[in-house]
Amino acid sequence: MSKVYTIKTVQYIPADLNTVWEFFSDPANLQKITPTQLGFDITSKYHGDHIYAGQIITYKIRPILNIPLSWMTEITHVVEKQYFVDEQRFGPYQLWHHQHHFRIEGTGVEMTDIVHYKLPLSFLGDIAYGLFVKKQLQEIFNFRFMAVEAEFGSVGRPGILQMG
């Protein structure tokens, strides 16, 4: 049985909560915060401009050797300007549960992501995690930190990335 892994990131964004929420609740902006080498492309036609509970968003990604994979997520929970949750319904993981939390911190916003995920293929998934999945996810979240800073600016506080 393969392990359930976690990622927790915390990033401070020098913008008001309304602006930050508007950016992150628009599915089209996912492309801006995803590394181009993943070949990320939203394929759903009716995903809407802002997230809502029950929303289905489909993507194509190319995480390994430029091989296209389909990914479908559902936005399962939304509390406006506080948090939302997306869960994989179909895709490369056996489990993907991603929480996005937002709270006012000083003159900006503290954004916290918590991801629980599990790889398929039992112990082979755990081997893949050690060989390349962990490193690739670190690179994706590091890119995201930089892309968010490019979009909103930096507060001089480094982001926090914890993986376990």
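## Salt bridges, a helix crossing and selected residues

K135 and E139 sit four residues apart in helix 2 (residues 123–152), so about one helical turn separates them. Helices here are DSSP runs of H or I with at least four residues, strands are runs of E with at least two, and both are numbered from the N terminus. The model is predicted: local features need pLDDT of at least 70, side-chain atom pairs count only at pLDDT 80 or more, and totals for chains, interfaces and linings use all residues. Residues are numbered from 1 along each chain as its sequence is written, and side-chain values use heavy atoms, with hydrogens and water left out.

The side chains of K135 and E139 form a salt bridge, N to O at 2.6 Å. The term means a side-chain nitrogen of Lys or Arg within 4 Å of a carboxyl oxygen of Asp or Glu. K135 is exposed, at 51% relative accessibility. E139 is partly exposed, with a relative accessible area of 37%.

How many salt bridges does the structure hold? There are six. R103 takes part in a salt bridge with E105, where the closest N and O atoms are 3.1 Å apart. R103 also meets E110 in a salt bridge, at 2.9 Å from N to O. The accessibilities of these residues can be read one by one. R103 is partly exposed at 42%. E105 is partly exposed too, at 28%. E110 is buried, at 12% relative accessibility. Elsewhere, a network of salt bridges links E74, E87 and R89.

Y12 belongs to strand 1 (residues 4–13). Is Y12 buried or exposed? Its relative accessibility is 15%, so Y12 counts as buried. Setting aside neighbours within four places in sequence, Y12 contacts E105, V109, E110, V155 and R157. Contact means heavy atoms within 4.5 Å. E105 and E110 are the residues that form salt bridges with R103. Y12 can also be placed relative to E139: the two are 127 residues apart in sequence, and their C-alpha atoms are 19 Å apart in space.

Helix 2 also packs against another helix. The axes of helix 1 (residues 17–24) and helix 2 come within 12 Å and cross at roughly 130°. Helix 1 is therefore oblique to helix 2. Axes are lines fitted to C-alpha atoms, for helices over the stretch in contact, and angles run from 0 to 180 degrees between N-to-C directions. Angles under 35 degrees count as roughly parallel, over 145 as roughly antiparallel, 65 to 115 as roughly perpendicular, and the rest as oblique. The crossing of helix 1 and helix 2 is right-handed. That term applies if the near helix is turned clockwise from the far one by less than a right angle, and left-handed if anticlockwise.

Which residues meet at this crossing? Helix 1 supplies T19, V20, F23 and F24, while helix 2 supplies R144, V148, E151 and F152. The residues of this contact divide into five nonpolar, one polar and two charged. Nonpolar covers Ala, Val, Leu, Ile, Met, Phe, Trp, Tyr, Cys and Pro; charged covers Asp, Glu, Lys and Arg; the others, Gly among them, are polar.

Now to strand 4 (residues 67–79), which includes V79. V79 is partly exposed, with a relative accessible area of 28%. V79 and H101 are 22 residues apart along the chain, with 9.6 Å between their C-alpha atoms. H77 also lies in strand 4. H77 is partly exposed, at 39%. Not counting residues up to four places away in sequence, H77 touches Y83, F84 and V85. H77 and E22 are 55 residues apart in sequence and 16 Å apart in space, C-alpha to C-alpha.

K81 lies in the loop between strand 4 and strand 5 (83–90). Phi of K81 is near 65°, a positive value in a residue other than glycine. K81 is partly exposed, at 30% relative accessibility. S122 lies in the loop between strand 7 (108–118) and helix 2. S122 has a positive phi of about 50°, although it is not a glycine. S122 is partly exposed, at 31%.

Conventions: Buried < 20%, exposed > 50% of the residue type's maximum accessible area, 1.4 Å probe, protein only.
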